[in-house]
Amino acid sequence: MGLYLNPGNMAFRMVVRDDIYVDKTKLISYTNSKLDKAKRYICVSRPRRFGKSMAANMLASYYGQDCDSLGLFQPYKIAEDPSFKAHLNQYNVIFLNMQQMLSGAGNVSGFVSYIQETVIAELVERYPNLVKPGDGGLPNILEKLFRADKREKKGFVFIIDEWDCIFREVQDNVEVQKNYLDFLRDLFKDRVYVKLAYMTGILPIKKYGTHSALNIFYEYSMTNPKELAEFAGFTEQEVQGLCEQYHMDFEETKRWYDGYILKRIRHVYNPKSVVDAMLSAEFESFWVNTETYDALKIYIDMNFDGLKDAVIQMLGGVRCGINPRKFQNDMTTFTARDDVLTLLVHLGYLGFDEVNSEVFIPNEEVRMEFLNAIEGSGWNEVISAVEASEKLLQATLQKDEHAVAKAIDRVHMDTTSILNYNDENALSYVISLAYYSARKDYFLIRELPSGKGYADIVFLPRKRTEKPAMVIELKWDHSADAAISQIKRKQYTSALEEYRGNLLLVGINYQKETKEHQCIIEEWKK
């Protein structure tokens, strides 16, 4: 076994021996189906803590020669696949962790040279009769070894982890980035020795101009995971199983760690955070050991093209539609707000609804990091609104209409410089932000189909709270009475027919002339 050539199976063996291992070996079935075919080039991008390195080590353990991995994989799903034994430990694997390579190179200008020199040195040691120093670059040497293989010319399987580190570490060095992409293109494009190339990183492949330097790769990202959606993180079924095993509340787990909504499997959870929660028996943010606050703060501070407005809306539970297709797959080329929002999806700071092409703050863990970032960026008006939200909720539950109206007035005044306050949508954003703290006890549902229309905002209690449900109707320059009347007239409460607890009807109106809010709260008697 070597460092780069056939590194063995110890890394993956440690993973499956860990306290929690969720079986993702069926990924091998998919990669087996692409071996030695045109679609053998696979690039998978996911945020940090979503199992990228685990998958890379798993594939290296499965394909690599010089080790026996039959017993390692036998207990798992892949063992049932017809292709399992046909490809088990049958290939020379070249495994490159580019983050480690960049550290070893010492400087970015020598990055590509260092990769070639270190891998070639190992090939010279392994094949002294076939490879000599000075035989040329890495692609030429691999071609020579492939031609000299008298067996079946099985070729090489390439596993590249953290492939995009150069784009994150030296974001503005275009020359180094292009040099690196050219090296990868030369290593892979039209090379018959490539039986499979699997790259994983945070960012999709960088685009230059209208074409990518690596257009041979088929990309599977968090905005378009395609057939690999179930391997993007933990599925809801997998999380439910862990909650049962570790006696943890699934509803709370969902509130803290649910992230993406994908077409094929719907909800995808953050694997590392779920595991940490199960083992610690605590729900909290586990981002403290990763690059979170500082990295997120950079993009918060930009306030690029109305980003601040979007963040406030999302803190209030609103989703923002985006077009992720124009994103240039780097951390510096921004032409519109959507580019920044798309980057935040890839970095794991925003969830993405693949069905509706919308972004949102996905869970409590990430929401806490946004609050940390905006507090550090001086968004004091937003922090004040969030801090006051618990008092607003209590005033609503106590049916203190005057206190509710005044509290919303304050949030409106605090956020006027950020939000364009000119219609019911803007009022809705303010109300959602004003009731920020309610999320720990309620599901917030906007535009709920109900009766003869759509209820503006419904707060549905979580199972563990005895607080009443609330139906909130908003009016702009009408009256709070009109809002209450509309709830009753259009039978918005009918959507809660199966709900058995208490129910409050809340009508809120903003009066343009007085620039004040009005509130009426009634207890609904079924």
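1. A word on the model. This is a predicted model, where local features need pLDDT of at least 70, side-chain atom pairs count only at pLDDT 80 or more, and totals for chains, interfaces and linings use all residues. Residues are numbered from 1 along each chain as its sequence is written, and side-chain values use heavy atoms, with hydrogens and water left out.

2. Now for Met-278. Tyr-246 is 32 residues away along the chain, yet the two C-alpha atoms are separated by 6.1 Å. You will find Met-278 in helix α13, residues 271–280 (helices are DSSP runs of H or I, at least four residues, and strands are runs of E, at least two, numbered from the N terminus). Met-278 counts as buried because its relative accessibility is 3% (buried means under 20% relative accessible area, with a 1.4 Å probe and protein chains only).

3. Next, look at Gly-351 in strand β12, residues 351–353. Is Gly-351 buried or exposed? At 0% relative accessibility, Gly-351 counts as buried. Not counting residues up to four places away in sequence, Gly-351 touches Gly-259, Tyr-260, Val-345, Glu-358, Val-359, Phe-360 and Pro-362. Gly-351 and Ile-261 are 90 residues apart in sequence, and their C-alpha atoms are 7.5 Å apart in space.

Definitions and conventions: Buried means under 20% relative accessible area, exposed over 50%, partly exposed in between (1.4 Å probe, protein chains only). Contact means heavy atoms within 4.5 Å.
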